Amino acid sequence: MSTSEMRRVTAINNGTVIDHIPAGSALSVLRMLGISDDRASPISLVMNVPSSKHGRKDIIKVEDRELTQDELDRLALIAPKASVAIIRSYAVAEKREVTIGKELLNVARCTYSNCITNNSREPLDHRLNVVKTDPLELRCRYCGRSQNMKELINNLI
Amino acid sequence: MDGDLITMDDMTNEEIVSLLDDAERLLPVAHGEEFLPLLQGKLLANMFFEPSTRTRMSFETAMKRLGGDVVNLGDVKSSSAVKGETLYDTMRMVDGYCDIAALRHPRQGAAQYAADACYIPIMNGGDGAGHHPTQTLLDLFTIRQAHGRLDGLTVALVGDLRYGRTVHSLSHALARFDCELIFISPNQLSMPTEIVSDLTESGSKITETDDLYSAIPDVDVIYMTRIQKERFPDDDEYAKVAGIYKLTAADLTAAKGEMIVMHPLPRVDEISPDVDATRHARYFEQAFNGVVARMALMCKLLGVDIPGGAA
Ligand SMILES: [Zn+2]
């Protein structure tokens with residue numbers, strides 16, 4: 001992030017900055033991370049910022065919270081090119097990579113109504129295999145039903 | 001294959017061929033001409049959460065012919081599933097009682113789910129609109145028995161190709177052995193486009209038509225299926241295609257001598273009884289072959305070698 005880009009967002013003392021989110025995806029990222037309802041952390045969100053690398057992009061800053069690796073792996077599904085910086089005392093303390101794994105464990109439900117996992121009393125994990133990443137295609141480990149990014153966002157657990 | 005059979009994708013072509021070889025060696029045992037108690041002391045759980053007398057009996061016969069024993073889930077209406085027990089809990093209990101289980105369930109994905117819940121081998125006996133791999137194994141066995149090979153045959157699949165999981169799974173398996181496939185159905189019941197494009201992309205030769213009778217002289221196998229009334233929104237739609245394909249002995253005069261007619265049974269009127277007496281009829285043997293295919297599968301999953309296996 002250049003200094004001029006940085007100025008669009010208030011600097012934070014401690015927390016996480018997610019940069020290079022595809023323009024317009026910031027709200028989906030918040031849903032994916034499950035932090036939109038997290039009232040404890042102030043969140044700043046900048047959308048459609050001109051970017052030197054990718055035309056336009058979104059940026060999210062979450063104060064007083066360092067995202068876990070599990071949360072970053074979820075982020076990878078929507079924003080595989082995102083860069084993540086952990087901020088401590090106004091300085092970048094760590095940069096983290098986001099990666100797409102082979103399987104999503106309890107991230108989302110299967111979309112097929114007759115799938116065994118759609119009996120809410122069945123206790124085993126919801127498991128979706130990542131078949132393709134661009135565009136994203138997921139397949140239920142159990143019934144084999146495919147889902148795309150949009151369906152994934154609507155079926156988050 | 002690592003311990004369970006959930007879909008045909010769990011088996012390589014080599015594993016399929018080796019299993020069919022095992023099944024062939026077990027024919028005299030399945031006929032009751034030889035007693036070979038390879039699975040003595042083993043207990044099969046027949047977990048049929050929806051009725052399928054034919055498949056359940058075939059698993060049971062296979063286990064008993066090999067000297068093992070069987071416990072059945074019992075009538076689904078009075079079983080614990082109706083009282084709200086999860087599949088997970090039921091299967092965990094069975095896991096402790098038995099050595100291997102066959103599962104039939106109305107919900108798709110149930111077999112993989114049960115396999116994840118259990119240590120014992122799980123055989124998928126049909127899960128919703130999903131997979132039914134032991135049916136495919138017995139179909140492949142029947143075809144190989146008649147033709148001495150699977151590779152490079154021309155197979156016509158006829159009737160309800162849209163909803164029949166049997167023909168979906170068989171098409172994928174035959175394509176793996178480089179068979180040429182002819183899909184014959186009325187338009188409303190044609191093979192799902194995803195399956196046709198999957199098969200075409202992987203290099204299979206596929207023809208789609210609604211004309212059964214012109215295909216007869218060219219094929220090595222005719223696989224008939226039943227057109228089910230409950231697939232149609234109303235009686236008029238059903239009436240348009242009901243009885244569209246009725247194979248008679250007279251139709252088969254143009255067929256190759258070694259061509260076989262198969263059907264997963266029960267039939268309605270797709271195959272006239274006068275076909276039964278022709279050399280082409282193979283559907284009753286096909287049903288019987290379910291026993292040997294399942295015998296070989298249970299030996300394989302339980303790690304039991306079949307004597308004479310080197311042949
Ligand atoms: Zn599913």
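This is a predicted model: local features need pLDDT of at least 70, side-chain atom pairs count only at pLDDT 80 or more; totals for chains, interfaces and linings use all residues.
**Confidence**

The predictor gives the complex an ipTM of 0.87 and a pTM of 0.88. For chain B, the mean pLDDT is 93, and 96% of its residues reach 70 or more.

**The zinc site**

Let's begin with the metal. The zinc ion has the protein donors Cys110(A), Cys115(A), Cys140(A) and Cys143(A), each through its SG atom, at 2.3 to 2.4 Å. Along the chain, these donors follow the spacing C-x4-C-x24-C-x2-C. Cys110(A) belongs to the loop between β6 (103–105) and β7 (127–133) of chain A, while Cys140(A) belongs to strand β8 (residues 136–140), so this pair ties together parts that are 30 residues apart in sequence.

Why is the arrangement called tetrahedral? The 4 donor atoms subtend angles of 98 to 113 degrees around the zinc ion, and that makes it tetrahedral. Are these cysteines buried or exposed? Cys110(A) and Cys140(A) are both buried, and Cys115(A) is buried too, with a relative accessible area of 0%.

A disulfide is a covalent bond between the sulfur atoms of two cysteines. How many disulfides are there over all chains? The count comes to 0. Take Cys118(B) as an example: its closest cysteine sulfur, in Cys98(B), is 9.9 Å away, which is too far for a bond. Cys118(B) is buried, with a relative accessible area of 10%.

**Aromatic rings**

Over all chains, the structure holds 3 aromatic pairs. In chain B, a ring also meets a charge: the charged end of Arg294(B) sits over the ring of Phe59(B), 4.8 Å from its centre.

Most residues other than glycine have a negative phi, and most peptide bonds are trans.

Now for phi. His20(A) is not a glycine, yet its phi is positive, about 60 degrees. His20(A) is found in strand β1 (residues 15–22) of chain A and counts as buried at 10% relative accessibility. Asn48(A), also a residue other than glycine, has a positive phi near 60 degrees. Asn48(A) lies in strand β2 (residues 43–51) of chain A and is partly exposed, with a relative accessible area of 43%.

Methods:
Residues are numbered from 1 along each chain as its sequence is written. Chains are lettered from A and ligands numbered from 1 in the order in which they are written. Side-chain values use heavy atoms; hydrogens and water are left out. Donors are N, O and S atoms within 2.8 Å of the metal (3.2 Å for Na, K and Ca); water is not among the atoms, so sites may look incomplete. Four donors count as tetrahedral if all angles lie between 85 and 135 degrees; four count as square planar and six as octahedral if opposite donors are over 155 degrees apart and all others between 65 and 115; anything else is irregular. Helices (H or I, at least four residues) and strands (E, at least two) are DSSP runs, numbered from the N terminus. Buried means under 20% relative accessible area, exposed over 50%, partly exposed in between (1.4 Å probe, protein chains only). Rings of Phe, Tyr and Trp (its six-membered ring) pair if their centres lie within 6.5 Å; planes under 30 degrees apart count as stacked, over 60 as edge-to-face and the rest as tilted. A charge sits over a ring if NZ of Lys or CZ of Arg is within 6 Å of the ring centre and within 35 degrees of the ring normal. A disulfide is a pair of cysteine sulfur atoms within 2.5 Å. pLDDT is the predictor's confidence in each residue, from 0 to 100.
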